[in-house]
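Please consult the sequence and structure as shown here.

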Amino acid sequence: LGQLVAGIAHEINNPVNFIYGNVSYASEYAKELLSLVELYQEHYPDPVPPIQEEIEAVELDYLLEDFPKVLKSIRGGADRIRQIVVSLRNFSRLDEAEVKAVDIHSGIESTLLILQNRFKAKPPSIPAIELVKEYGELPKIECYAGQMNQVFMNIISNAIDAVEEKRRQLGSRTDVLPDEELSEAKPRIIIRTSVVDENAIAIEIIDNGAGMSESVRTKIFDPFFTTKPVGSGTGLGLSISYQVVVEKHKGQLDCFSEVAEGSEFVIAIPIKQLTINN
């Protein structure tokens, strides 16, 4: 999967760079052509009837105003695709077979960019999910970067599912909730990072979603266990995450949760890997 993602990212990158690079030239050419048109208007304010008719047909004043905006939008879109390509490359991390010192925040940011669409509001009734990032000062961490990125993907995706489930449970009740409760009910995910001690760091992923009972919480790391509807989950995401954190990185993965109060996942991993597991 990592090779597939990296291959697609590479193939997308070449045409996107071509578009991005040429938009700059197109913008300069457009600026010069539009300046020439304005110069013509200044020196020939009364064009012959055929030209006047064409000016009205193409809505020249609107075109002069809107065309630079269109080019700016194209440049913004190309830049956005370039960011996604970089995130896909960072996320796939083909060097994951080796332990390397990496910036954990970069991995989290790549994951968030890939999931960005799920945080957005879906009008008319579904609000955006508030994302709160409380990043500490972290050293580079020796880890299997691609596998850790997959852990972030699994846990953050589950957090999004949890807040969406709570949002469904509240339904139209949000119209009658007091302001204080409404603020608490607003979907929110907090990602907090910190140094635990000289040997380890912690990543906390906290949501104010539906939460889970103690009987469910004790099973969430079991293979194939899921509370999601058939077809919506395999029950493997958290099990694999546990293996990556605990078995592969000699760290800890804990979950704290209460029904209707949300959940907190705490990932603790060593700063340096003393032994390499194959």
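Q: Which residues does Arg 80 contact, leaving aside its neighbours within four places in sequence?
A: The model under discussion is a predicted one. Arg 80 is located in helix H3. Leaving aside neighbours within four places in sequence, the residues in contact with Arg 80 are Leu 113 and Gln 116.

Q: Is Arg 80 buried, partly exposed or exposed?
A: The relative accessible area of Arg 80 is 28%. Buried requires a value under 20% and exposed a value over 50%, with partly exposed in between. Arg 80 therefore counts as partly exposed.

Q: How far apart in space are Arg 80 and Val 16, C-alpha to C-alpha?
A: Along the sequence, 64 residues separate Arg 80 and Val 16. In space, the C-alpha to C-alpha distance between Arg 80 and Val 16 is 9.9 Å.

Q: Which residues are in contact with Leu 88, leaving aside its neighbours within four places in sequence?
A: Leu 88 belongs to helix H3 and is partly exposed, with a relative accessible area of 22%. Its C-alpha atom is separated by 9.1 Å from that of Leu 113, 25 residues apart along the chain. With neighbours within four places in sequence left aside, the contacts of Leu 88 are Val 5, Ala 9 and Ile 114.

Q: Which residues does Asn 13 touch, not counting residues up to four places away in sequence?
A: Asn 13 lies in helix H1. A relative accessible area of 14% makes Asn 13 buried. Not counting residues up to four places away in sequence, Asn 13 touches Val 85 and Arg 89.

Q: Which helix supplies the largest share of the nonpolar patch?
A: The patch, of about 580 Å², is made by Phe 18, Ile 19, Val 58, Leu 63, Phe 67, Val 70 and Ile 74. Helices H1 (2–43) and H3 (60–92) each contribute at least two residues to the patch. The largest share, four residues, comes from H3.

Q: What is the relative accessible area of Ile 74, a member of the nonpolar patch?
A: Ile 74 is placed in helix H3. Patch residues must have over 30% relative accessible area. Ile 74 is partly exposed, and its relative accessible area is 40%.

Q: How many of the ten residues of helix H2 are buried?
A: Helix H2 spans residues 49–58 and is followed by Glu 59, whose phi is positive, near 55°. H2 is hardly covered, and its count of buried residues is zero.

Q: Which residues does Glu 164 touch, not counting residues up to four places away in sequence?
A: Glu 164 is part of helix H6 (residues 145–170). Its relative accessibility is 15%, so Glu 164 counts as buried. Not counting residues up to four places away in sequence, Glu 164 touches Arg 118 and Lys 122.

Q: How many disulfides does a search of the whole structure find?
A: Cys 143 is buried, with a relative accessible area of 1%. Cys 255 also counts as buried, at 3% relative accessibility. A disulfide needs a pair of cysteine sulfur atoms within 2.5 Å, and the number found in the whole structure is zero.

Q: What is the geometry of the ring pair formed by Phe 221 and Phe 265?
A: The structure holds three aromatic pairs. In the pair of Phe 221 and Phe 265, the ring centres are 6.4 Å apart and the planes are at 80°, so the geometry is edge-to-face.

Q: What percentage of the residues in the protein is buried?
A: The protein has nine helices and seven strands. It exposes about 16,900 Å², of which carbon and sulfur atoms supply 56%. Of the 278 residues, the buried share is 34%.

How values were computed:
Residues numbered from 1 in each chain as written. Predicted model: local features only at pLDDT ≥ 70, side-chain atom pairs only at ≥ 80, totals over all residues. Heavy atoms only, no water. Patch = residues over 30% accessible without salt bridge, like charges linked within 9 Å, V, L, I, M, F, W, Y side chains within 5 Å. Areas by Shrake-Rupley, 256 points an atom, 1.4 Å probe, with all protein chains shown as cover. Salt bridge = Lys/Arg side-chain N within 4 Å of Asp/Glu carboxyl O. Buried < 20%, exposed > 50% of the residue type's maximum accessible area, 1.4 Å probe, protein only. Phe/Tyr/Trp six-rings, centres within 6.5 Å; stacked < 30°, edge-to-face > 60°. Contact = heavy atoms within 4.5 Å.
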